[in-house]
Amino acid sequence: MYRERVTSVDGSAGQPGQQVPDTSAPQAAPPGAVAAPHADALPAEGVAHGAGDPHGHAGHAEGAWAHDGASAAWPPGAYQQVEPDRLTRFVLRVHARSPRWAAPLAALGCVGIGLAYALVSDPTRSDPDAAPSCLLKLTTGLDCPGCGGTRALWYVLHGDLPAAARHHFLFVFALPFLAYLFVAWAGKQAFGWRLPELRISSPVIAGFLAVWLAFSVARNLPWAPFTALYV
């Protein structure tokens, strides 16, 4: 139908004097040709399979995504946000409506319960198999990494630091740092205090855990002076 030669895909570039057909306006189809349906009238499968090679391989994933009824706001590969369950929503509402001092007060209550238990139970005079007891020591006779901690706390509350260190000196060593971290956090949450921040790096934590592991092994060795660490 057209005898003019076009030198570009969009037909914008041509030789001087040539007539370039206007592609913006709809062109009349030649006699006997079947008019192709508009892209808006194609179903989702047709749009997806029509783009790409003539066999319809390209765009197959997009077509399947549209055919499955997924929302256009979530393209393939995107993760849809999961709605929180009822319990999570309840906890978030309570946290949002609670005063700023509620969390420090709850933590202080838990610490107070632990201190009261240590004072009332007097673990220094209880039997080794008294409930609650360490399951590892009850079954194997070996001290676990936390054995002696409750007795050490009892001695600390009574001001006997040598006896506390005898039962678990790592607990006595870490207790001031734990107390300061708690006071700094609770003061900031409840009253807005800006105490100097105690920064504990990952190598320091790893070194402390390594020493704790070595202490847990050494206290179970049957030779002196390691036998003095057995509780």
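Reader: Does Asp122 count as buried or exposed?

Author: The relative accessible area of Asp122 is 17%, and the classes are buried for under 20%, exposed for over 50% and partly exposed in between, with a 1.4 Å probe and only protein chains counted. Asp122 therefore counts as buried.

Reader: Which residue's side chain does Asp122 join in a polar contact of 2.5 Å?

Author: This is a predicted model, in which local features need pLDDT of at least 70 and side-chain atom pairs count only at pLDDT 80 or more, while totals for chains, interfaces and linings use all residues. Residues are numbered from 1 along each chain as its sequence is written, and side-chain values use heavy atoms, with hydrogens and water left out. A polar contact is a pair of N or O atoms within 3.5 Å, where within protein one must be able to donate a hydrogen and the other to accept it, and residues adjacent in sequence count only if both atoms are side-chain atoms. At 2.5 Å, the side-chain partner of Asp122 is Thr124.

Reader: Where is Asp122 placed, and what is its phi?

Author: Asp122 lies in the loop between α4 (102-121) and α5 (135-140), with helices taken as DSSP runs of H or I of at least four residues and strands as runs of E of at least two, numbered from the N terminus. Although Asp122 is not a glycine, its phi is positive, at about 50°.

Reader: How many helices and strands does the protein chain have?

Author: From the N terminus on, the elements run α-α-α-α-α-α-α-α. The secondary structure therefore comes to 8 helices and 0 strands.

Reader: Which residue joins the side chain of Asp143 in a polar contact?

Author: Asp143 sits in the loop between α5 and α6 (149-157), and its relative accessibility of 3% is why it counts as buried. A polar contact of 3.0 Å links its side chain to that of Lys137.

Reader: Which residue is joined to Pro225 by a cis peptide bond?

Author: Pro225 is placed in the segment after α8 (202-218). With omega at about 5°, the cis peptide bond joins Pro225 to Ala224.

Reader: What share of the residues in the protein chain is buried?

Author: The protein chain has 231 residues. Of these residues, the buried share is 14%.
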